[in-house]
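Please look over the sequence and the structure shown here. A short report on selected features follows.

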Amino acid sequence: MIKKSKKIWMDGKFVDWAQANVHILTHTLHYGLGVFEGIRCYKTRKGSAIFRLKEHVDRLFSSCHIMQIKPEYTPKEITKAIIDSVRVNGLEECYIRPLIYIGYGVMGIYPKSNPIRVAIAVWPWGAYLGEDGIKKGIRLKTSSFTRHHVNVSMTKSKTCGQYVNSILAKKEAISVGYDEALLLDTQGYVSEGSGENIFIVRNGAIKTPPLNSILEGITRNSIIEMAQKLKIPVKEMSFTRDELYAADETFLTGTAAEITPVREVDGRIISKGKPGPVTKKLQDLFFKIVKGEDKTYNSWLTYT
């Protein structure tokens, strides 16, 4: 269950958590056209710090542009509202969910002049795939559901309705005893998890799928930059399930998942069945960065 916080920002003002409601005929609720972001705020010695806030707000507005949604607020105003939301709720660490959606008005597929609404909620949220998952790794199952094709959905937009595909994939994986789903692209290559990007390590080098059919993850981009500074080779290229099975290491990345090792895929143990040295090296650096312990990456943190 979500741990409730005090206030939610809705269309320019804070309302009590329990009063943050929408009309049952809200357009996005019926048809799924809305965009959102997932952002984390971490506790540091200097206070609370939001990880890569600018990049998340930029992607939120990029999603709006792709989906032809025009919010009344500017990126600067949304950035301030996100920071204010953390402050007002008095949270040292939290997950942040901005949502831009089409409100109540006409019904039917075409929303015409329905108002564009904006909400920002923050709440405490631990490791998405569990603390044990972070430390020991998770079990991954290839889904029977395929990642969206680029001519079916706008894969670079973080769109509400597109996550039905992810929900179906994850429900399927959980139902047969796995922790998370792996989706392939329409050509059969490894794409991403239900809500995470994926990396493999082979012979000391990292591979991750190209941007063809995946969401361009902000944590993914961070990992690529971190690996390059650590002199670990990184290639953005397609790879198959059997190459994944034969990997030395595998891990997932995302705002919610952070860096989660994968110890098993489709009943096949990955290498020794535990987080490998490259994964642990990146994990250690990542958590130092988000806690403000590595000054090299201070520009990635926005202190509240």
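## Helix H6

Just after H6, Lys231 has a positive phi of about 65 degrees. This is a predicted model, in which local features need pLDDT of at least 70 and side-chain atom pairs count only at pLDDT 80 or more, while totals for chains, interfaces and linings use all residues. Residues are numbered from 1 along each chain as its sequence is written, and side-chain values use heavy atoms, with hydrogens and water left out.

H6 covers residues 218-229 and has 12 residues. From its first C-alpha to its last, H6 reaches 17 Å, close to the 16 Å expected at 1.5 Å a residue (1.5 Å times one less than its number of residues). Helices are DSSP runs of H or I with at least four residues, strands are runs of E with at least two, and both are numbered from the N terminus. Among the buried residues of H6 are Ile218, Ser222 and Met226 (buried means under 20% relative accessible area, exposed over 50%, partly exposed in between, with a 1.4 Å probe and protein chains only).

## Nonpolar cores

The largest nonpolar core has 27 residues, of which Ile50, Ile78, Ile82, Ile96 and Ile100 touch the most other members. Such a core is a set of buried Ala, Val, Leu, Ile, Met, Phe, Trp, Tyr and Cys residues joined through side-chain atoms within 4.5 Å. Helix H2 (53-67) is one of the elements that give two or more residues to this core, and H2 gives the most, with 6 residues.

A second, separate core of 22 residues includes Ile223, Leu282, Leu285 and Phe286.
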